[in-house]
Each structure stands twice: as C-alpha cells, then as structure tokens.
Amino acid sequence: MTSIVTVTQGPSPLILSMPHPGTGLPPEVHAALNETGRAVPDTDWHMRELYGFADRFQPTIVEAGLSRYVIDLNRDPSGVSLYPGQATTELVPTTTFDGEPIWTTPPDAAEIERRREVYFQPYHDALSAEIARVRKAHGWCLLWDCHSIKSVISRLFPGTLPTLNLGTNSGQSCAPAVETAAAAAMAGQELTQIVNGRFKGGWITRHYGRPQDGVHAIQMEIALSAYLAQEASPWHFDAARSRPLQAALESIIDAALAAAMVESVGLG
C-alpha cells in the first residue's frame, strides 16, 4: 500500500514540504472516482526528481504518497476557502482544476471527516514534528512548500502562468528580509516570475509560517511546462528542459536560507 507520508530527515535548517506529488488511491477512493479522477491529472509531477539539486542543502523532506483527490493537504481542514471569490478546489476536490467532474460517488461529510483523520492528519503530524525538530536543532527553519501546475488553466487564472510563482501570504509567512532576498534572487533569473500573484501560498504556508518564532515559510508554484516534456499524460520529466529551472530554484533557496540565518540572530 502507498505510504500516506514519507519523511527523509536531514541535518540542515531547510524543510521541503511536498504535499501533492502522490498518485496513490486507497481502494475505497479508487472505487468512488470516475476515469478522469483515477488518472489524477492534477498531480505535482516528479517533485523529488525536480528538487534533486537540493541534496547539497541536506534538507528534511516531507512527501505525500496519496493523490490530492483523496484529500488536499494544502487546504484549510475546516473547509474554508483560501481564495474567497476565486475559483479553486476544495479540501476534497469535486472536480479537476479545469472543472471536470472526478467522482462517480462523491464523498459525503462523514467520509470527508474520516479522510481528515486518516489521511490529512498524519501528513501534518509529520510536518509539525519535523518543524519542531529542526527548530530545536537550529533555532529556526526555512519551510519551502513545493508545488507545480499546468501553465494554462482558464478556470483558475487568465493567460499563461509565470514559470515561478513565489508566495508568502502577502509577506506574512516569512520575515520581510527573507522574502526580499528570495525575490531578488528570483529576479536575477531569465524565467517569467511573480511574487504573491495568483498563488500567494496555501494552507501549509499560512498555517506554519511564523517568522516571529523562526519558522519562515515560502510556497513555490512552478509551471509544469518548465520541466515536463508536455503538460499532459504521460507527464514525462525532461531533464534538459528542467536545468535552468533547477539552477534558479537553487539560487532562490540559497538566498532565502542566508537571509533566514541572519534573521535568526535577532531571535537569539
């Protein structure tokens, strides 16, 4: 059976959260999905491979094994929308990002509550534990929430999404100096980009980002076109295409870590 969460502990202050790369479907969920849902098209494909460059940072990695269609680990567990007035997907999505139905038998409130307890909570228990462990070791941490999405989804945003979408909940989830350093490093890259645009950071960034306590959280949403051969099945990783993106991400993370380390001096 697919693991709900896999934790790879590292000795550094960097934590990579990967809530959406999983494609696993428990039997009861698989049985309730239609063919569109079973294809799990809204996966954040190949996150571990894309972030392979980060090995030099010796990060802790918290990675989900189940599809976001089981339950979305980056949504408010209360069910409150993160983007009021804008199209989005729910705690348990009812459609794809493009608006296509995914269920033959949609989950009711009792089933959603069960999934919260059985599938949502273990990921967040693991992530919370790693944040506590890393903070105890270093006094601070950089929580980097890893995401990707198709570059054209008219239901969610107009036109073509920039390659790099850095979110800090409008500056609330990390210290200003950390956002400034990350944004400056990103501005030096020859990739389309935006700070706190359509994707300002989901529930993970908003919930765990506590810069006053030394937890600096940043979400990076990436256009799949920057590292896949095509934005469609079979979702193949394109190593050559990904290299400029990987170099950019490495530079941005490096800058954010350096700024967060300076910020930690003030906490001490």
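Helices (H or I, at least four residues) and strands (E, at least two) are taken here as DSSP runs, numbered from the N terminus. The model is a predicted one, so local features need pLDDT of at least 70 and side-chain atom pairs count only at pLDDT 80 or more, while totals for chains, interfaces and linings use all residues. Residues are numbered from 1 along each chain as its sequence is written, and side-chain values use heavy atoms, with hydrogens and water left out.

Helix α7 is a handy place to start, with Ser264 as one of its residues. Ser264 counts as buried because its relative accessibility is 16%; buried means under 20% relative accessible area, exposed over 50%, and partly exposed in between (1.4 Å probe, protein chains only). The Ser264 side chain reaches the backbone oxygen of Met261 at 2.5 Å.

On to the nonpolar cores, meaning sets of buried Ala, Val, Leu, Ile, Met, Phe, Trp, Tyr and Cys residues joined through side-chain atoms within 4.5 Å. The largest has 75 residues, and Tyr51, Trp144, Met220, Tyr227 and Leu249 touch the most other members. Helix α7 (residues 239–267) supplies the largest share of this core, 10 residues. Apart from it lies another core of 7 residues, including Phe97, Ile149, Ile153 and Phe157. As for Tyr51, its contacts (heavy atoms within 4.5 Å) include Leu16, Trp144, Met220 and Leu249, leaving aside residues up to four places away in sequence.

Strand β7 (residues 215–223) is largely enclosed by the rest of the structure, because 9 of its 9 residues are buried. Val215, Ala217, Gln219, Glu221 and Ala223 cover one side, with His216, Ile218, Met220 and Ile222 on the other. Strands count as paired if DSSP finds at least two bridges between them. Strand β4 (residues 141–149) runs parallel to β7, joined by 9 bridges, and Trp144 has Ile218 as its bridge partner there. Strand β5 (residues 164–167) pairs with β7 in the antiparallel sense over 4 bridges, and Leu166 stands opposite Met220.

Then there are the rings. Those of Phe, Tyr and Trp (its six-membered ring) pair if their centres lie within 6.5 Å; planes under 30 degrees apart count as stacked, over 60 as edge-to-face and the rest as tilted. The whole structure holds 6 aromatic pairs. Tyr51 and Phe53 form a tilted pair, with centres 5.5 Å apart and planes at 35°. Phe120 and Trp203 are tilted too, at 5.8 Å and 55°, and link helix α4 (residues 109–138) with helix α6 (residues 203–208), 83 residues apart. Ring pairs join Phe120, Trp203 and Tyr208 into a cluster.

Methods: A polar contact is a pair of N or O atoms within 3.5 Å; within protein, one must be able to donate a hydrogen and the other to accept it, and residues adjacent in sequence count only if both atoms are side-chain atoms.
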